[in-house]
Amino acid sequence: MFADAELTDDGFLDARLRILQPVAGYRAATDPVFLAAACPAEGGESVLELGCGAGVASLCLGRRVGGLTLHGLERQPEYADLARRNALRNGIALTVTEGDLAQMPEPLRIAFDHVIANPPYFPPGGGTPARDPGREAALREETPLASWIDAATRRLSPGGWLTLIQSAERVPELLGAIDSRLGSLSLLPLQSRPGRPAGRVILRARKGGKAAFRLLAPLILHDGAAHDGDRDSFTPLARAALRSGESIDKVFH
């Protein structure tokens with residue numbers, strides 16, 4: 001497990017969440033916050049996060065929506081421990097199970113109203129591996145993306161929602177991994193600034209959904225064509241999600 005000297009204490013949602021993260025390992029940034037903001041969970045529902053890391057996405061969601069039953073699955077024991085610690089220190093109930101989604105632990109072989117996930121963005125091979133093994137495991141795929149989709153689909157109740165964030169480069173593979181069990185797909189590109197290619201996408205799909213596929217207008221994260229000073233320059237919707245933890249559900253309708 002991580003020693004206290006190996007951790008930083010970071011604020012999310014304008015410091016309404018305090019998250020312990022490793023100095024040298026995988027460190028969450030904006031992606032899990034947007035993932036939480038895109039999940040349409042309501043009070044009284046159940047949510048499973050596959051690969052929960054230090055718990056940022058689940059805890060952002062739990063801060064926004066009261067009365068959720070939150071579960072996280074994490075393969076790396078030291079990150080599972082961090083997620084539990086972060087849940088406790090923020091007063092949000094999150095049950096974290098150690099295990100591999102390719103061999104789903106027995107306690108999680110139940111149905112959930114929502115599954116959320118932020119799978120590794122980089123395919124195996126190529127590039128320069130991260131020096132820290134925890135960071136490498138979080139960023140570079142070992143379990144195929146199709147296995148993530150299958151595991152999520154199996155855990156969803158009929159009518160339940162999958163919400164997932166992924167690199168835009170992997171959209172063809174992402175869509176190709178979805179079979180007839182999921183429908184009502186919506187794909188939201190996340191675009192750093194106007195006129196630039198999308199770097200990330202958020203996918204929402206419903207188990208048993210019948211609506212046609214929709215490619216949504218991009219969510220622009222920053223105003224202006226380029227960074228223009230010592231300010232974040234977030235657009236109003238991006239700022240509301242990142243600073244206040246508000247939902248971005250309206251862009252899906």
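Val47 has Leu70 of strand β4 as its bridge partner. This pairing belongs to a predicted model, in which local features require pLDDT of at least 70 and side-chain atom pairs count only at pLDDT 80 or more, while totals for chains, interfaces and linings use all residues. Residues are numbered from 1 along each chain as its sequence is written, and side-chain values use heavy atoms, with hydrogens and water left out.

Strands and helices are DSSP runs numbered from the N terminus (helices H or I, at least four residues; strands E, at least two). Strand β3, residues 46–50, pairs with β4 in the parallel sense over five bridges, two strands being paired if DSSP finds at least two bridges between them. On β4, a parallel pairing over five bridges is also formed with strand β5, residues 94–98. Here His71 has Thr95 of β5 as its bridge partner. The chain passes from β4 to β5 through helix α3, residues 77–90, in a right-handed β-α-β crossover. A right-handed β-α-β unit is likewise made by β3, helix α2 (residues 56–64) and β4. A crossover is termed right-handed if, with the strands pointing away from the viewer, the path from the first strand over the helix to the second runs clockwise.

Strand β4 itself, residues 69–74, is mostly covered, with five of its six residues buried. Buried denotes a relative accessible area under 20%, exposed one over 50%, and partly exposed a value in between (1.4 Å probe, protein chains only). Helix α2 is also mostly covered, seven of its nine residues being buried; among them are Val56, Leu59 and Leu61. In helix α1, eight of the eight residues are buried, including Asp31 and Pro32 as well as Phe34.

The largest nonpolar core contains 45 residues, of which Phe34, Leu61, Ile202 and Ile248 touch the most other members. A nonpolar core is a set of buried Ala, Val, Leu, Ile, Met, Phe, Trp, Tyr and Cys residues joined through side-chain atoms within 4.5 Å. Two or more residues are given to this core by each of β2 (17–22), α1 (31–38), α2, α3, β5, β8 (182–191) and α7 (236–244). The greatest contribution is that of α1, with six residues. Apart from this core lies another, of 27 residues, which includes Ala152, Ile178, Val201 and Leu203. In soluble globular proteins, nonpolar side chains tend to be buried together.

Ile248 is in contact (heavy atoms within 4.5 Å) with Phe34, Ala37, Ala38, Leu188, Ile202, Leu219, Leu237 and Ala241, when its neighbours within four places in sequence are left aside. The axes of α1 and α7 come within 9 Å and cross at roughly 100 degrees. The two helices are therefore roughly perpendicular. The residues that make the contact are Val33, Phe34 and Ala37 of α1 together with Ala238, Ala241 and Leu242 of α7. Axes are lines fitted to C-alpha atoms, for helices over the stretch in contact, with angles running from 0 to 180 degrees between N-to-C directions. Angles under 35 degrees count as roughly parallel, over 145 as roughly antiparallel, 65 to 115 as roughly perpendicular and the rest as oblique.

Thr163 lies in strand β7, residues 156–167, and counts as buried because its relative accessibility is 0%. Not counting residues up to four places away in sequence, the residues touched by Thr163 include Leu35, Ala38, Cys39 and Pro40, as well as Ile202, Leu203 and Arg204.

Strand β1, residues 7–12, is joined to β2 by six bridges, and the two strands run antiparallel. Within this pairing, Thr8 stands opposite Gln21. Five of the six residues of β2 are buried, so this strand is largely enclosed by the rest of the structure. The hairpin of β1 and β2 has four residues between the strands, and Leu13 adopts a positive phi near 55 degrees in it. Most residues other than glycine have a negative phi. Asp14, in the loop between β1 and β2, has a positive phi near 55 degrees and is exposed, with a relative accessible area of 55%. Ala15 is placed in the loop between β1 and β2; its phi is positive, at about 70 degrees, and Ala15 is partly exposed, with a relative accessible area of 40%.

Phe122 is located in the loop between β6 (112–117) and α4 (133–139). With a relative accessible area of 43%, Phe122 is partly exposed. Phe122 and Tyr79 are separated by 43 residues in sequence and by 20 Å in space, C-alpha to C-alpha.
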